[in-house]
Amino acid sequence: MVSELKTQKAFDDAVKASNLSVVHFQAEWAEQCAQVNELLEALSSQQANSHVKFYSCPAEELSEVSVKYNIEAVPTVILFQSGKNVEVINGADTVKIAEAVKKHSSGSGDSKSEPLEERLKALINKSKVMLFMKGNRDVPRCGFSRKIIDILNSINASYETFDILSDEEVRQGLKTYSDWPTYPQLYINGELVGGLDIVKEMLESGDLAETISSA
C-alpha cells in the first residue's frame, strides 16, 4: 500500500522512522508519475518485509518539503532511512527504482534473503496459471504482454501476474532458470508453457483452454 503524505508533519514522521521509507514526489498532471505509482503499488504488495514503507508526496502542495530536498522535477523518488536521504532517483526509471528499493531494503529487518531459485519456484507456483509480464493484468506495459492478457481473458482463465519490471533480480534470474530469454512467460502448474507465439498456437488449436481447465 502506498500512503499519501498530505502534511509536512506527516512527511517528517515518515522519513524519521528507522525503517526504509520510499517517497515519490509526484504531481497528478505528470503522466510519468502514474508509471511510478504503479511500480510502487506493485512493490508494496510484493514486499514481504514490513519494515519498508511506500509513500507519495504532492510536490507542489508541499512546496517547502520539495525545496528542502531540491525537487526540481517530477517524478522524483527519494529513499530515506532513519531520517537520512540514502538515494535519489530522478524520472520514471522503474528498473533503477526497483533496484534501489531492493538494495536498501536488504538491511531492513532481521529476515535473511530467500535464495533466488527458491523465490522463483515460489513465484511460479503462486497460482496454477502464472504470467510473468511487463506491467500487470490491468495495466500491461508492452504490446506482447497486452496481447497475452487479452488471450487469457478471452477464455475466462483464472490467473495471476507478476510485473518483472518491478524486480530486476527476478527479471534476469527467470531467464536463466527457465532458459527462456524473453517476456511474457506463461506457466501452468509450475511448468513453462512459453511466450506469446506458443500461447497463440495453443489458443487456435484449443489446447490452451483445455490445459488451463485441467490444471
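Axes are lines fitted to C-alpha atoms, for helices over the stretch in contact, and angles between them run from 0 to 180 degrees between N-to-C directions. With that in hand, helix 5 and helix 7 (residues 168–178) can be described as packing at an angle of about 90 degrees, their axes 10 Å apart. The structure discussed here is a predicted model. Its protein chain holds nine helices and nine strands, and 46% of its 215 residues are buried.

**The chain as a whole**

- Along the principal axes, the C-alpha trace of the protein chain spans about 60 × 40 × 25 Å.
- Among contacts in the protein chain with a separation of 6 or more, 68% are accounted for by residues 24 or more positions apart.

**Helix 5 and helix 7**

- The angle of about 90 degrees between helix 5 and helix 7 makes helix 5 roughly perpendicular to helix 7, because angles of 65 to 115 degrees count as roughly perpendicular.
- Helix 5 contributes L116, E117, R119, L120, K121, L123 and I124 to this contact, and helix 7 contributes E169, V170, G173, L174 and Y177.
- Sorted by class, the residues in the contact of helix 5 with helix 7 are seven nonpolar, one polar and four charged.
- L116 lies in helix 5, which covers residues 116–124.
- With a relative accessible area of 28%, L116 is partly exposed.
- Apart from neighbours within four places in sequence, L116 is in contact with E169 and G173.
- L116 and E169 are 53 residues apart along the chain, while their C-alpha atoms are separated by 7.9 Å.

**Helix 2 and helix 4**

- Helix 2 (residues 31–46) and helix 4 (residues 94–105) have axes that come within 10 Å and cross at roughly 30 degrees.
- Helix 2 is therefore roughly parallel to helix 4, since angles under 35 degrees count as roughly parallel.
- The crossing in which helix 2 passes helix 4 is right-handed.
- On the helix 2 side the residues are Q35, V36, L39, L40 and L43, and they meet T94, I97, A98 and V101 in helix 4.
- The residues in the contact of helix 2 with helix 4 comprise seven nonpolar, two polar and no charged.

**Helix 6 and helix 8**

- The axes of helix 6 (residues 143–154) and helix 8 (residues 196–205) are 10 Å apart, and the two helices pack at an angle of about 25 degrees.
- Helix 6 and helix 8 are therefore roughly parallel to each other.
- Their crossing is left-handed.
- F144, K147, I148, I151 and S154 of helix 6 make the contact with L196, V199, K200 and L203 of helix 8.
- The contact of helix 6 with helix 8 has six nonpolar, one polar and two charged residues.

**Two residues in strands**

- H24 sits in strand 2, which runs over residues 20–26.
- H24 has a relative accessible area of 0% and is buried.
- Leaving out neighbours within four places in sequence, H24 is in contact with C33, V36, N37, L40, Y55, S56, C57, P75, T76 and V77.
- H24 and Q172 are 148 residues apart in sequence, and their C-alpha atoms are 25 Å apart in space.
- E87 belongs to strand 5, residues 84–90.
- E87 counts as buried because its relative accessibility is 17%, and the cut-off for buried is under 20%.
- Setting aside neighbours within four places in sequence, E87 is in contact with V77, I78, L79, A100, K103 and H104.

**Cysteines**

- A disulfide is a covalent bond between the sulfur atoms of two cysteines.
- Zero disulfides are found in a search of the whole structure.
- For C33, the closest cysteine sulfur is in C57 and lies 11 Å away, so the pair is too far apart for a bond; a disulfide requires sulfur atoms within 2.5 Å.
- C33 is buried, with a relative accessible area of 1%.
- C142 also counts as buried, at 18% relative accessibility.
- Both C33 and C57 are among the residues in contact with H24.

Terms used. Residues numbered from 1 in each chain as written. Predicted model: local features only at pLDDT ≥ 70, side-chain atom pairs only at ≥ 80, totals over all residues. Heavy atoms only, no water. Buried < 20%, exposed > 50% of the residue type's maximum accessible area, 1.4 Å probe, protein only. Helix = DSSP H or I, 4+ residues; strand = E, 2+ residues; numbered from the N terminus. Contact = heavy atoms within 4.5 Å. Parallel < 35°, antiparallel > 145°, perpendicular 65-115°, else oblique. Left-handed = near helix turned anticlockwise from the far one by under 90°. Nonpolar A, V, L, I, M, F, W, Y, C, P; charged D, E, K, R; others polar.
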